[in-house]
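Me: I would like a close look at a single part of this chain. Please keep the answer plain.

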Amino acid sequence: KVNCIVLKEYLVNGQHCKKFSIYFMNKKHELLRKIEGTTIGHKRIITFPSTDSGFIELTIDEQIGATSISEIEAYLIDEVLVEK
């Protein structure tokens with residue numbers, strides 16, 4: 001189970017991500033949830049209702065130059081901290 005994703009973009013050459021999607025799939029690769037977002041920057045924290053996911057995929061949908069992701073973290077945090 002996961003309900004929080006933290007994305008970090010490597011910014012030495014500037015911020016490049018304009019739009020991204022995160023896909024949560026079960027072990028049969030069936031889509032459970034899709035989250036879309038805009039810029040990532042130094043750190044982007046995304047919370048959502050908990051999802052029992054087998055695979056997580058990050059796709060950069062729009063960018064200015066090559067986007068460099070330095071870190072992706074997935075957590076199961078206390079539900080009180082999840083934005084409604």
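How many residues of strand β1 (residues 2-9) are buried? Please also cover its pairing with other strands and the cysteines.

Reply: The model is a predicted one. In strand β1, which spans residues 2-9, eight of its eight residues are buried, leaving the strand mostly covered.

Strand β1 pairs with β4 and with β6. With β4 (residues 44-51), β1 runs antiparallel, and five bridges join the two. Within this pairing, valine 6 has isoleucine 45 of β4 as its bridge partner. Isoleucine 5 is bridged to alanine 74 in β6.

Now the cysteines. Cysteine 4 has a relative accessible area of 5%, so it counts as buried, the cut-off being under 20%. For a disulfide, two cysteine sulfur atoms must lie within 2.5 Å. The closest cysteine sulfur to that of cysteine 4 belongs to cysteine 17 and is 17 Å away, which is too far for a bond. Seen from the other end, cysteine 17 is in no disulfide either, as its nearest cysteine sulfur is that of cysteine 4, at 17 Å. Cysteine 17 is itself buried, because its relative accessible area is 2%. By the distance rule, the count of disulfides comes to zero.

How values were computed. Residues numbered from 1 in each chain as written. Predicted model: local features only at pLDDT ≥ 70, side-chain atom pairs only at ≥ 80, totals over all residues. Heavy atoms only, no water. Buried < 20%, exposed > 50% of the residue type's maximum accessible area, 1.4 Å probe, protein only. Helix = DSSP H or I, 4+ residues; strand = E, 2+ residues; numbered from the N terminus. Pairing = 2+ DSSP bridges.
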